[in-house]
Amino acid sequence: RFAHPIRLKSTSGRKTAISEGPGLEDFISGEVSDTDKWSNYSGELVKQKGVKRLRLPPWLKTNFPKGENYQRIKSNLRKLNLNTVCEEAKCPNIGECWGGGENRTATATIMLMGDTCTRGCRFCSVKTARKPPALDPDEPVNTARAIVEWGLDYIVLTSVDRDDLPDGGANHFAATVRHLKKEAPELLVECLTPDFLGDISSIEILAKSGLDVYSHNVECVRDFSWLVRDPRANFDQSLSVLRSAKLANPSVLTKSSIMLGFGETDEQVKQTLQELRDADVDCVTLGQYMQPTKRHMKVHEFVTPAKFKHWETVGQQLGFLYVASGPLVRSSYKAGEYFIRNVLQKRNKSA
């Protein structure tokens, strides 16, 4: 019970109190106060010694996924036995991306080569194993069939790391792209790839497959890479992947993503952005790291929307073709909307 219950006479007063009050997760955690006002949030944003876990600030709370398009995509995925990183990584934006958002540009991120990764990064909730199940040879065809049924504008293909395969799965990845382009030539295809252990031939296979965007994430600032990522991944190897993709296909757009909130400094973030730009990366996204389960690395800091806006400005000043920066931005968050509105339109105007 509340010690001092609020008594509101008007309906509008009750609605205001409810909208500004605590959410379901706050009741579950027991962190409920009848004086909470989300518009005047004053909670801790940086983890202090002795604090187990930071409380989620209001700008990171999202609605439950719903809508006709969302339900249709989910149903088709189950029928075709396909996996999405949206579900496996517990992405908070799944409803918006699958539903199409305000501009109705629906985007989905298909995870190829199964749902089990050979690596164990401290930020990721995807299952891991030394030797995952064999690849499904029908997956490239099934993926293309699903896209045609959905009528999507933009598809992001990603995958688990498959260090158990000689080519890291590059040929399987490339075959999926070719099937997609054959079935839907107008579809924009982004590939968010693993690092293939830095193997140039695997990177080239995918870069020349017909994709529109070659994406590979450095994940965090250079100085935190050893702490956040699996030991088989490293910052320089990721930069090499992005450079090699551009060399193999100069017309392809390259893209990378950085998570903030591990405890990095402003100087480290700026240095990382500069190194990405020096590697001729075209697009960059910055978003808040969210601890997926209690077993994973804890959030050190919740970065404010104003700070993310600052990094968007810095990225633009450094010369990136496009920068998406915000607390809920993910590597493929509304990728179609961002890409179509900001990159393709600019290119079409200058053509």
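**Close-up 1. Helix 6 meets helix 7 in this predicted model.** From helix 6, the residues in contact are Glu 139, Pro 140, Val 141, Thr 143, Ala 144, Ile 147 and Val 148. Their partners in helix 7 are His 172, Ala 175, Thr 176, His 179, Leu 180 and Glu 183. Sorted by class, this contact has 7 nonpolar, 4 polar and 2 charged residues.

**Close-up 2. Arg 222 pairs with Asp 236.** Here the two side chains form a salt bridge, at 2.8 Å from N to O. Arg 222 sits in the loop between strand 7 and helix 9, while Asp 236 belongs to helix 10, so the bridge ties together parts that are 14 residues apart in sequence. Asp 236 is partly exposed, at 44% relative accessibility, and Arg 222 is partly exposed too, at 24%.

**Close-up 3. Arg 222 also pairs with Glu 275.** This salt bridge has an N to O distance of 2.7 Å. The pair links the loop that holds Arg 222 to helix 11, where Glu 275 lies, 53 residues apart. Glu 275 is buried, with a relative accessible area of 17%.

**Close-up 4. Lys 246 and Asp 282 form a buried pair.** Their side chains meet in a salt bridge of 2.5 Å, N to O. Lys 246 comes from helix 10 and Asp 282 from the loop between helix 11 and strand 9, 36 residues apart. Elsewhere, salt bridges with shared partners join Arg 119, Asp 161, Asp 163, Asp 195, Asp 230 and Arg 232 into one network. The structure holds 14 salt bridges.

Technical notes. Residues numbered from 1 in each chain as written. Predicted model: local features only at pLDDT ≥ 70, side-chain atom pairs only at ≥ 80, totals over all residues. Heavy atoms only, no water. Contact = heavy atoms within 4.5 Å. Helix = DSSP H or I, 4+ residues; strand = E, 2+ residues; numbered from the N terminus. Nonpolar A, V, L, I, M, F, W, Y, C, P; charged D, E, K, R; others polar. Salt bridge = Lys/Arg side-chain N within 4 Å of Asp/Glu carboxyl O. Buried < 20%, exposed > 50% of the residue type's maximum accessible area, 1.4 Å probe, protein only.
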